[in-house]
Amino acid sequence: MKRKTNFVQMAAVFAGLAVAQAFLYPAFLRAQGNAPRFEVDPAWPKPLPNLWVTGGIGGVCVDARDHVFILNRRDLTDNDLDAGHQAPVVIEFDPEGNVVNSFGDPEGTPNTPHGCAVDAENNLWVTGTGDGIVQKYTHDGSKLLLQIGKRGVVDSSDGTAKGKALNSGHSAFYKPAGIAIDPKNGDIFVADGETPGGNHRIAVFDRSGEFLRQWDLHRAEGDGDAFVPVLHCVTVDNSGMVYVCDRRGHRIQVFDTMGNFQKYIPVEFESMSKLPAGPEHVPGALGSAVWIGFSRDPGQKYMYVANQDNEKIDILDRNTGQVLSSFGRVGRQPGQFTYIHFLAVDSKGNLYVAEVGTGKRIQKFKLVGGR
């Protein structure tokens, strides 16, 4: 009788474990790969000096000392500035969130800043979609080292934003959105074409600004006539692969540095709105893949994608493209997003996420778990 009782008790235990496993297994799937976990740092950055107010944050990038640069679009109204002052174009923060430098003449920097990068020599590169130029500054902004193109002249049939995009300029761009510098040889990769109507190419230049080559987004067989090529970002991984945000295609396209297509990485979105599609509402029009960053381990195991359609950060396995987890939601409280647009990763794996439109802020998310 005692042996029978023990058997029944053991059977009950195993049954309970089986039920628990059934409930826990989906959670295990969501957490597989030990995906990194983040929490917002509401105390970063510190209050800006001199009653500065920023407009949309048109780019964020991090240098080797984990100093963070943001680009201020200055898209504020007079009423916005009744109680404050327009912040400079470029603002530099130390790791604690203190402003340590600022610079930028709005009459000389690119119109509508849209992307920045810090190269291996600690120089700052900036570009803007309201212009046809790319600029390279010393780290402190005291000197303009290189400019490709002429401010106010775009790569169009008449040199203005009213002309037809030529998609071929060797010294001009049309709505350049993102920039990446190859750490191995200093080549400059520009995602030229932030919205429909502009260019739609990756343009590559050598470190002195001489044009080398260009290529277009790859078209899948099922894209059809509705495919709109919009390149919103570009970045280069440690292995030399080039990742491009195919904004309207809801995916990332991967190429080698010569422009040979390698693969697609889908970035899906889920429309929450119940409104029918129409002139005032086009589901998925913002794009689900608008910016990319990589984890800071040598193998760059994880890829972070700013999913603007769903106002969140998706965490993907970089090699497989599998979405492992996500964080964030639409909203205006700390840790939430309104027009999420840019991100950057520091040496400790922390994320800095910038918002445009009515968001107009930069937030820090501390790495608190995973790798």
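Me: How do the residues lining the largest cavity divide by class?
Reply: The lining of the largest cavity has 7 nonpolar residues, 1 polar and no charged. Ala, Val, Leu, Ile, Met, Phe, Trp, Tyr, Cys and Pro count as nonpolar; Asp, Glu, Lys and Arg as charged; the others, Gly among them, as polar. The model is predicted: local features need pLDDT of at least 70, side-chain atom pairs count only at pLDDT 80 or more, and totals for chains, interfaces and linings use all residues. Residues are numbered from 1 along each chain as its sequence is written, and side-chain values use heavy atoms, without hydrogens and water.

Me: Which residues line the largest cavity?
Reply: Rolling a probe the size of a water molecule over the atoms shows where empty space is left. Here a cavity is a set of points, on a 1 Å grid over the protein atoms alone, where a 1.4 Å probe fits but cannot get out; lining residues have an atom within 4 Å of a point. Leu71, Val89, Val90, Thr109, Pro110, Pro113, Val126 and Tyr137 line the largest cavity. Its space is about 40 Å³, the volume filled by probe spheres set on points joined across faces, edges and corners.

Me: What volume does the largest pocket have?
Reply: A pocket is an open set with protein on both sides within 12 Å along at least five of seven lines. The largest has about 930 Å³. Of its 35 lining residues, Val62, Val118, Thr235, Val236 and Arg296 are the closest to its centre. By class, the lining has 21 nonpolar, 7 polar and 7 charged residues.

Me: Which residues are closest to the centre of the second largest pocket?
Reply: That pocket has a volume of about 510 Å³. Leu286, Gln308, Asp309, Asn310 and Glu311 are the closest, out of 21 lining residues. The lining divides into 8 nonpolar, 8 polar and 5 charged.
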